[in-house]
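Q: I'm new to this structure. Could you take me through its main nonpolar core and the parts connected with it?

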Amino acid sequence: MKAVIFAVVAVLVCLALVQAQTRPIFPKNYYTRGGGSTWSTSQANFTKADYYNSGYTQSIRISGLLYAEHQGPFNFTLMELYSHTPPRQYTILEQYKQCTGRVAEGKYFDPLEEIEYASFKGKAVHDGRSVDVWALTAGTNTISYYVESNNVNVPVLVNITAGAEFLHITYSNFVASAPPQSAFDIPSFCHNQEEVTINKRNSDMLGAIVAKAASIKF
């Protein structure tokens with residue numbers, strides 16, 4: 001009988017700890033700086049990236065070194081501007097002044113916004129830092145959040161899996177405020193380019209990379 005009582009008490013204690021865990025509250029507007037973030041998918045990898053997210057204007061920008069199609073790195077920027085009518089997506093290779101503009105498919109996506117539906121899964125260590133782990137599963141789709149244990153409103157890592165597809169995001173130098181509006185300025189060489197890649201001299205070598213990067217679904 002004592003063993004049963006101790007087991008029940010242990011379960012209740014665990015439940016109390018889970019219920020008492022403070023749920024992260026992430027801002028609608030934020031950005032990372034210092035080139036310390038990474039974005040990895042089954043199709044491409046960004047390293048030394050800066051990530052800008054404006055939830056109020058539904059705009060995102062990722063700028064960093066792109067590796068795709070076994071080539072790279074290239075200084076690459078992906079922007080999606082859902083405040084535009086129609087929504088716009090730009091894939092930009094700065095050093096080649098190469099840009100593709102198109103109508104953005106799908107809808108605005110903030111990797112952090114699903115945290116309100118996640119459940120606390122325990123504590124872990126990531127890259128030498130103590131983190132709290134939260135996760136949400138729907139069918140074969142899973143989102144796992146790793147947040148700083150001593151500051152639960154600061155994300156460290158987000159893992160998203162959808163069947164065979166995945167997206168891993170690391171956050172470094174997280175700033176919980178609106179990104180500078182200049183982050184979403186469209187380079188002058190992108191204007192009036194609709195479904196056209198400029199600088200044709202480089203299109204044979206880089207066209208496949210731009211096409212692949214443009215197909216990434218974040």
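**A look at the core**

A: The largest nonpolar core has 34 residues, and Leu 112, Tyr 145 and Tyr 171 touch the most other members. Two or more residues come from each of strands S3, S4 (59–68), S5 (71–81), S10 (141–148), S11 (151–162) and S12. A second, separate core has 13 residues, including Tyr 90, Cys 99, Val 175 and Ile 186.

This is a predicted model, where local features need pLDDT of at least 70 and side-chain atom pairs count only at pLDDT 80 or more, while totals for chains, interfaces and linings use all residues. Residues are numbered from 1 along each chain as its sequence is written, and side-chain values use heavy atoms, leaving out hydrogens and water.

A nonpolar core is a set of buried Ala, Val, Leu, Ile, Met, Phe, Trp, Tyr and Cys residues joined through side-chain atoms within 4.5 Å. Buried means under 20% relative accessible area, with a 1.4 Å probe and protein chains only. Strands are DSSP runs of E with at least two residues, numbered from the N terminus.

Let's start from Tyr 171.

Ser 37 leads us to strand S2 (residues 37–41), which is largely enclosed by the rest of the structure because 4 of its 5 residues are buried. S2 runs antiparallel to S3 (residues 44–54), with 3 bridges joining them; strands pair if DSSP finds at least two bridges between them.

Back in S3, we find Asn 53, which counts as buried because its relative accessibility is 0%. Apart from neighbours within four places in sequence, Asn 53 contacts residues including Lys 28, Tyr 30, Ile 60 and Pro 179. The Asn 53 side chain reaches the backbone oxygen of Lys 28 at 3.0 Å. Phe 109 is 56 residues from Asn 53 along the chain, with 9.6 Å between their C-alpha atoms.

Stepping back, buried residues make up 45% of the 218 residues in the protein chain.

Note on methods:
Buried means under 20% relative accessible area, exposed over 50%, partly exposed in between (1.4 Å probe, protein chains only). Contact means heavy atoms within 4.5 Å. A polar contact is a pair of N or O atoms within 3.5 Å; within protein, one must be able to donate a hydrogen and the other to accept it, and residues adjacent in sequence count only if both atoms are side-chain atoms.
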